[in-house]
Amino acid sequence: MSPKFLVPFVEKYLSWPTALLLQGVVKRIGNGESTRFWTDSWLGSPIINEVDQSSGAVDLNERVADYISAPGVWNADLLFSSVPSKVAVRLPFAQNKQPS
């Protein structure tokens, strides 16, 4: 079997996982220090695109870390007072695993 024969096969089976990943990947946040809350695409698209900016109340330099009260815990009061509810409900929340 020649290598030329393998090229289309390899391209096909390497390209579909990449396309699938690009459809569903969101940025891993960690502690949130390196991710801008309003302008980075950590929820698929920048949150600023879904906010009325006419009041000027949005600080574009805020980080995701500014909205976290403890590791893995969102500051819900701040979130729901700053972010439209249609955006807030899309935020990933940690799964609390209860011992069995």
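Which residues does Leu 60 touch, not counting residues up to four places away in sequence? They are Arg 36, Trp 38, Thr 39 and Ile 48. Keep in mind as you look that this is a predicted model. Leu 60 sits in the loop between H1 and S1, and with a relative accessible area of 39% it counts as partly exposed. Leu 60 also lies 7.6 Å from Phe 37, C-alpha to C-alpha, although 23 residues separate the two in sequence.

Let's step back to the whole chain. The protein chain has three helices and two strands, and reading along the sequence you get the pattern α-β-β-α-α. Of its 100 residues, 21% are buried. The accessible surface comes to about 7,600 Å², and carbon and sulfur atoms account for 57% of that. Now take the contacts with a separation of 6 or more: 48% of them are between residues 24 or more positions apart.

Next, the core. The largest nonpolar core is made of 16 residues. Phe 37, Trp 38, Trp 42, Ile 47, Trp 74, Leu 79 and Val 83 are the ones with the most contacts inside it. If you pick out Val 83, you'll find it touching Phe 37, Trp 38 and Ala 88, leaving aside residues up to four places away in sequence. Is Glu 62 buried or exposed? It is buried, and yet it has no salt bridge. Arg 63 carries the nearest side chain of opposite charge, and that is 10 Å away. What Glu 62 does have is polar contacts: its side chain is joined to that of Trp 38 by one of 2.7 Å, and to that of Tyr 67 by another of 2.7 Å. Beyond residues up to four places away in sequence, Glu 62 touches Thr 35, Arg 36, Phe 37, Trp 38 and Tyr 67. Phe 37 and Trp 38 are among the core residues with the most contacts.

Now for the charged pairs. Side chains of opposite charge can pair when their charged atoms come close. How many salt bridges does a search of the whole structure find? The search finds one. It is formed by Arg 90 and Glu 50, whose closest N and O atoms are 2.9 Å apart. The pair ties together distant parts of the chain, with Arg 90 in the segment after H3 and Glu 50 in the loop between H1 and S1, 40 residues apart. Arg 90 is partly exposed, at 36% relative accessibility, and Glu 50 is also partly exposed, at 24%.

Finish with two exposed residues. Val 89 is in the segment after helix H3 (85-88) and counts as exposed, with a relative accessible area of 61%. Its C-alpha atom is 9.9 Å from that of Leu 79, which is 10 residues away along the chain. Arg 28, in the loop between H1 and S1, is exposed as well, at 78% relative accessibility. The C-alpha atoms of Arg 28 and Leu 43 are 9.9 Å apart, with the two residues 15 apart along the chain.

Key
Residues numbered from 1 in each chain as written. Predicted model: local features only at pLDDT ≥ 70, side-chain atom pairs only at ≥ 80, totals over all residues. Heavy atoms only, no water. Buried < 20%, exposed > 50% of the residue type's maximum accessible area, 1.4 Å probe, protein only. Lys, Arg positive; Asp, Glu negative; His and termini not counted. Salt bridge = Lys/Arg side-chain N within 4 Å of Asp/Glu carboxyl O. Polar contact = N/O pair within 3.5 Å; in protein donor to acceptor, adjacent residues only side chain to side chain. Contact = heavy atoms within 4.5 Å. Helix = DSSP H or I, 4+ residues; strand = E, 2+ residues; numbered from the N terminus. Areas by Shrake-Rupley, 256 points an atom, 1.4 Å probe, with all protein chains shown as cover. Core = buried A, V, L, I, M, F, W, Y, C linked by side-chain atoms within 4.5 Å.
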